[in-house]
Amino acid sequence: MTAATTSPVIGLVGLGAMGMGSARAMLEAGLDVIGCDISPVACQAFEAAGGRTVSSPLELAAECQVVVLVVVNADQVEQVLFGAQGEGGLAERLAPGSLVIQCATVAPSFARELETRLNGMQLELLDAPISGGAVKARSGELSVMSSGSDAAYARAERVLAAMAANVYRLGAGAGPGSSVKLVNQHLAGVHIAAAAEAMALGMSMGIDPDTLYDVITHSAGNSWMFENRVPHILKGDYTPLSAVDIFVKDLNIVHSTGRELKLAMPVAGSALQQFTAASGAGFGREDDSAVIKVYQRLGSFSLPAANDEGAQ
Ligand SMILES: NC(=O)C1=CN([C@@H]2O[C@H](COP(=O)(O)OP(=O)(O)OC[C@H]3O[C@@H](n4cnc5c(N)ncnc54)[C@H](O)[C@@H]3O)[C@@H](O)[C@H]2O)C=CC1
Ligand SMILES: O=C(O)C(=O)[C@@H](O)CO
């Protein structure tokens with residue numbers, strides 16, 4: 001595929017549940033985007049959608065002056081930008097003035113340190129975690145909790161417009177974007193665990209789970225997460241649109257940030273224990289709604305069996 005516009009070539013690292021959707025939304029917005037993933041299957045899927053790919057982030061430096069990171073965690077960001085065991089990474093190959101748009105959910109302290117390191121290499125960082133799930137990534141309607149310099153925003157404008165319906169500008173340097181995302185992750189994790197626990201209670205009392213879903217989604221106990229995740233339980237489909245291990249990661253960041261601030265968060269702590277139990281029981285790569293399987297093992301209710309409809 002050749003460049004359709006004179007705007008910079010975008011490199012997107014991490015063609016997973018979120019990155020694939022965002023990369024495809026960028027293609028549809030007319031951006032010249034090169035996808036990169038260590039998974040050949042992910043690269044083939046993006047090529048089938050009309051995109052170009054490379055298998056190593058290092059290869060992006062020859063063409064890209066804007067790089068979007070949608071890998072899982074801080075260790076993977078570190079590896080992409082600086083290489084494993086310090087053997088060098090993408091950052092040292094990017095042209096001076098290039099922009100890194102960092103979308104993975106990481107600790108605010110990591111985002112701030114990353115900005116200092118990249119600025120020291122003449123590179124810009126936009127701290128830009130995302131929300132909305134795989135469906136909104138694909139439709140280009142994410143919320144982006146962002147912070148960074150005016151120069152970073154100027155370079156990121158077309159990318160953010162292609163990815164997001166809502167871009168929140170939360171500060172002039174890295175940190176506030178990841179801080180606000182952490183508040184979202186506290187709520188998202190607690191709400192998913194609470195939805196699973198509440199469904200376990202209802203099913204244990206012998207209430208039909210489809211009826212429970214109908215009633216609760218029309219009543220005050222509803223939440224975005226109850227509405228979005230309980231259908232996976234009803235279909236018995238735990239295909240990971242967002243994996244259990246994502247919430248082990250995110251609620252651990254909530255926990256460690258609270259420890260730094262000396263802020264006790266017992267409700268988030270309880271949700272973290274449930275996701276940790278689900279991961280420990282072998283469900284870490286399943287959809288985060290599989291946290292209900294921990295309750296099922298401890299209780300005496302049956303979960304709906306898988307049917308043929310896919311997760312949404
Ligand atoms: N899944 C969701 O609903 C949401 C996820 N997030 C956050 O977005 C980020 C991405 O999450 P997902 O897309 O769910 O994860 P994922 O595991 O589906 O995708 C991550 C991708 O990065 C690739 N990758 C890892 N290391 C790499 C490397 N060194 N070079 C190239 N590719 C590499 C993996 O092969 C994988 O395809 C995470 O930080 C997550 O917390 C944020 C909002 C929603
Ligand atoms: O969309 C978000 O925000 C999320 O973090 C969840 O969908 C789970 O990762």
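Visitor: Which residues surround ligand 2?
Guide: This is a predicted model: local features need pLDDT of at least 70, side-chain atom pairs count only at pLDDT 80 or more, and totals for chains, interfaces and linings use all residues. Residues are numbered from 1 along each chain as its sequence is written, while chains are lettered from A and ligands numbered from 1 in the order in which they are written. The shell (C-beta atom, placed from the backbone, within 6 Å) around ligand 2 is Ser131, Gly132, Gly133, Asn184, Gln185, Ala188, Ser242 and Ile246.

Visitor: How many shell residues around ligand 2 are charged?
Guide: Ala, Val, Leu, Ile, Met, Phe, Trp, Tyr, Cys and Pro count as nonpolar, Asp, Glu, Lys and Arg as charged, and the others, Gly among them, as polar. Two shell residues are nonpolar and six are polar. The charged count is none.

Visitor: Where does ligand 2 lie, and why?
Guide: The chain is divided into domain 1 (9–174) and domain 2 (179–298); the bounds come from an automatic or database domain assignment. Both give residues to the shell, so ligand 2 lies between domain 1 and domain 2.

Visitor: Which helix gives the largest share of that shell?
Guide: Helices (H or I, at least four residues) and strands (E, at least two) are DSSP runs, numbered from the N terminus. The largest share is three residues. They come from helix H7 (residues 176–204).

Visitor: How many residues does domain 2 bring to the contact with domain 1?
Guide: The C-alpha centres of the two domains lie 27 Å apart. In the contact (C-beta atoms, placed from the backbone, within 7 Å), domain 1 supplies eleven residues. Domain 2 supplies 15 residues.

Visitor: How many residues of helix H1 are buried?
Guide: Buried means 20 or more other C-beta atoms within 10 Å of the residue's own, all placed from the backbone. Cover for H1 includes strands E1 (9–13) and E2 (33–36), and helices H2 (40–48), H5 (133–139) and H6 (150–163). Among the buried residues are Arg24 and Met26. For helix H1 (residues 19–28), the count is nine of ten.

Visitor: Which residues touch the most other members of the largest nonpolar core?
Guide: A nonpolar core is a set of buried Ala, Val, Leu, Ile, Met, Phe, Trp, Tyr and Cys residues joined through C-beta atoms within 7 Å. Of the 94 residues in this core, those touching the most others are Met26, Val67, Leu69, Ile101, Val159 and Val291.

Visitor: Which helix gives this core its largest share?
Guide: The core draws at least three residues from each domain. Its largest share, eleven residues, comes from H7.

Key. Two residues are in contact if their C-beta atoms, placed from the backbone, lie within 7 Å. A residue is buried if 20 or more other C-beta atoms lie within 10 Å of its own, exposed if 12 or fewer, and partly exposed in between; C-beta atoms are placed from the backbone.
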